[in-house]
Amino acid sequence: MFRRIKNRYLRYFTIFIYAVIIFFCSIELNFLWLFGYSPDMQDIKSPSLSVGSQVYTADGKLIGEYYRENRSPVEYKEISPSLVNALVATEDVRFYKHGGVDYYSFATSMLSTAKGDKRGGSTITQQLAKNLFSTRKRKSQGLLRHIPGLRVLISKCKEWLTAYKIEHVYSKEEILTLYLNTVPFGNNSFGIKTATLKFFDKTPDAVTPAEAATLIGMLKGTTLYNPINNPERAIERRNTVLSQMEKNGYLKKAEFDTYTKLPIGLNLSYVENDSHGDSYIREAVERWLKKWCKDNDYDLYEDGLKIYTTIDSRLQEYAEEAVAEKMKMLQKRFDGIWGTKNPWRDSKGVEIKDFLLKAEQHLPIYKLLVKKFNGDTIQIKQYFEKPKRMKVFTWKGEKDTTFSSVDSIKYYTRILNTGMMTIEPSSGNIKVWVGGINHKYFNYDHVNQSKRQAGSTFKPFAYLTALDNGLTPCDKFTDKPVSIKYTDGGKEQVWAPNNADFKFSGMEMSLRWAMGKSVNSITAQVTEKVGWDKVVEYAHKVGIESPLKAVPSVSLGSNDVSVYEMVRAYSTFLNKGEKIDPLLVTKITDQDGNTLQDFVLKTERVISEEVAWLMLYMFRGGMEEPGGTSQALWEYNGLWKKNNQIGGKTGTSSDYVDGWYMGITKDLVTGIWVGADDRSVHFTTSESGEGSHTALPIFGSFMERVYADPKSGYTYGPFPKPWSKITKSYDCPSPRISTDTLATDSLAMPLDTLNGFPAPDNQPPGINPQ
């Protein structure tokens with residue numbers, strides 16, 4: 001056919017035109033599945049803006065959703081002309097002249113790019129096509145996506161085709177409205193209404209030209225030009241947009257001069273009412289799936305996924321009830337101790353005078369105020385002391401009150417918080433996740449975002465190291481003064497820890513008794529014998545991931561770790577010595593129920609079955625040995641039926657800043673932390689602030705609820721019998737001796753008594769469990 005064209009150049013041009021037509025037709029038809037999905041006219045007429053993903057418990061209960069608000073909430077008449085003018089002047093100055101694709105702008109952008117000045121040539125309509133129909137996502141790509149250059153070309157051609165379709169169906173005003181209602185503005189703001197409310201507390205029809213320029217300027221980089229985090233760059237970009245508006249006749253020179261001299265003028269007082277079913281679990285799932293979504297090109301907020309978690313709705317409910325019950329009591333105790341006094345104190349108990357000022361300076365708004373008031377501290381102080389109406393968290397429900405920002409800081413700094421996680425080691429399934437007392441008011445997750453000193457809950461790793469390197473639970477050490485020399489940072493140091501009552505009994509104690517009673521002097525001796533670097537090695541081996549400083553006090557919990565890490569590490573003992581990668585999600589499907597991913601348990605043998613079982617036997621010592629630190633659990637009658645056995649370890653850091661309890665049953669491992677978010681705020685005595693009086697009661701109340709429900713799936717019973725032959729001696733009963741019920745925990749000592757290292761947990765009354 002082409003041979004009939006005698007002119008060679010005309011023939012080549014005709015062939016090229018035919019090839020282009022065939023190429024575009026192949027893209028439109030997705031020929032042989034090579035090119036992927038392209039939106040048809042029905043899609044254009046009825047666009048699906050986004051389909052949110054849903055999160056379910058293991059037993060099928062919906063517990064959260066991911067979706068974006070305000071995707072198309074406003075009409076064109078509700079949008080300020082300044083927003084439209086700023087958008088057109090900056091993103092697509094020939095918007096009203098083209099039919100979806102601006103070949104002139106495309107050609108000039110290619111030429112500029114070739115000269116080293118890279119700039120985009122996409123029209124507003126093309127950007128809408130990309131935003132609305134995800135033309136560049138992998139699900140919209142065919143088999144040719146594996147060829148990088150061709151993949152980009154196909155995506156661009158799809159945008160052109162889709163842009164023409166959009167222009168055929170919608171008017172220019174409708175296109176602008178759709179665009180402004182779908183474009184992201186950062187800070188989880190999608191759509192112009194969400195953005196104007198979040199940044200300026202205004203509706204889209206009320207923004208000024210300067211505010212409109214700030215918002216439109218963000219479209220080039222929502223992080224780089226974010227007015228909250230980068231106010232200087234935001235102002236620079238805003239002024240560029242204003243310059244474009246003046247250049248294209250949307251502003252007069254005098255207006256331009258006025259607006260470019262204005263500050264950003266943010267108003268961040270708007271608070272969204274709808275929280276999308278926000279919870280600590282929902283946020284944890286999003287963090288857990290972040291890498292998977294990135295690797296597989298999915299968006300939790302738009303792709304309609306169904307996510308099935310390992311969370312047990314019954315156990316989760318019981319955990320939240322136990323937390324609410326006990327934390328309410330603890331807060332009352334804390335408030336009773338401190339009264340009207342400020343609780344922020346240094347290690348010597350002296351009030352920190354500049355505490356409030358430093359707290360103000362850590363707030364995101366502080367830098368904006370410094371800029372707004374030119375560093376005038378008097379005006380900044382007046383801002384923080386100005387009363388305003390607000391709702392605050394209380395244990396009796398939300399309370400309407402009038403607080404200044406300083407009042408709010410004082411109020412919330414006194415609030416105690418918690419983190420709790422329960423895992424079933426045999427399956428690796430996380431059954432309970434309580435990141436704090438109230439997600440709406442305390443977003444920070446205390447399960448795996450927060451890290452605190454573990455106190456004596458870290459001691460078992462020293463005893464694990466000993467058992468795996470030749471010692472037995474029956475080996476004895478003498479409770480006597482210990483002085484350990486070591487080098488830290490090139491300096492010679494000496495560490496001499498004290499016991500609970502500043503006395504040493506001189507008694508010989510088995511390792512099981514010493515761990516159960518949490519004896520400092522013997523733990524120190526064990527650490528010295530096996531090597532503190534070895535203790536760090538074993539802690540990492542069984543599941544601790546945080547960096548650990550190898551010093552003699554490592555076994556007393558001088559390093560910061562998370563609840564998540566501690567539960568994972570303790571699970572290794574109940575899982576026969578195999579470390580697990582805990583599972584929070586088991587399956588993900590698309591909105592039609594097709595499975596996209598199954599997640600399976602990954603394990604690794606890190607200690608022998610024998611040593612793992614012996615560690616479980618050691619943990620029972622907290623209940624069974626004289627002076628065992630878990631014996632407060634005997635008060636919970638609902639735990640002790642049908643020969644039930646529980647093991648565990650309490651922990652408290654210096655000055656009662658952190659209270660811990662790690663509880664083990666035949667099926668579950670639970671970790672609980674209790675404390676204030678600021679480490680300078682804490683209890684004052686062992687009777688009020690140690691782990692056995694803060695975290696342990698939550699565990700006791702939780703497990704009573706679990707055992708009382710026959711449908712929970714978890715029953716009473718003894719720990720598992722040995723999984724393999726036990727070659728080490730372990731049956732060495734300790735003598736039954738009376739214990740001073742008024743004994744003082746070593747945590748009552750000032751911080752410098754332990755040379756700056758945290759002290760052990762309390763030594764509760766010696767209760768004979770027999």
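At what angle do helix H10 and helix H11 pack, and how far apart are their axes? The model is predicted, so local features need pLDDT of at least 70 and side-chain atom pairs count only at pLDDT 80 or more, while totals for chains, interfaces and linings use all residues. Residues are numbered from 1 along each chain as its sequence is written, and side-chain values use heavy atoms, without hydrogens and water.

H10 spans residues 231-247 and H11 residues 253-260; their angle is about 175 degrees and their axes lie 10 Å apart. Helices here are DSSP runs of H or I with at least four residues, strands runs of E with at least two, numbered from the N terminus. Axes are lines fitted to C-alpha atoms, for helices over the stretch in contact, and angles between N-to-C directions run from 0 to 180 degrees. H10 and H11 are therefore roughly antiparallel, a term for angles over 145 degrees.

In contact (heavy atoms within 4.5 Å), Arg-238, Asn-239, Leu-242, Ser-243 and Glu-246 of H10 meet Lys-253, Phe-256, Tyr-259 and Thr-260 of H11.

Turning to the cysteines, a search of the whole structure finds one disulfide, defined as a pair of cysteine sulfur atoms within 2.5 Å. Cys-474 is joined to Cys-732, with S to S at 2.1 Å. This link is left-handed, with -100 degrees about the S-S bond.

Cys-474 is buried at 15% relative accessibility, where buried means under 20% relative accessible area with a 1.4 Å probe and protein chains only. Cys-732 is also buried, at 17%. Cys-293 counts as buried at 9%.

How values were computed. Parallel < 35°, antiparallel > 145°, perpendicular 65-115°, else oblique. Buried < 20%, exposed > 50% of the residue type's maximum accessible area, 1.4 Å probe, protein only.
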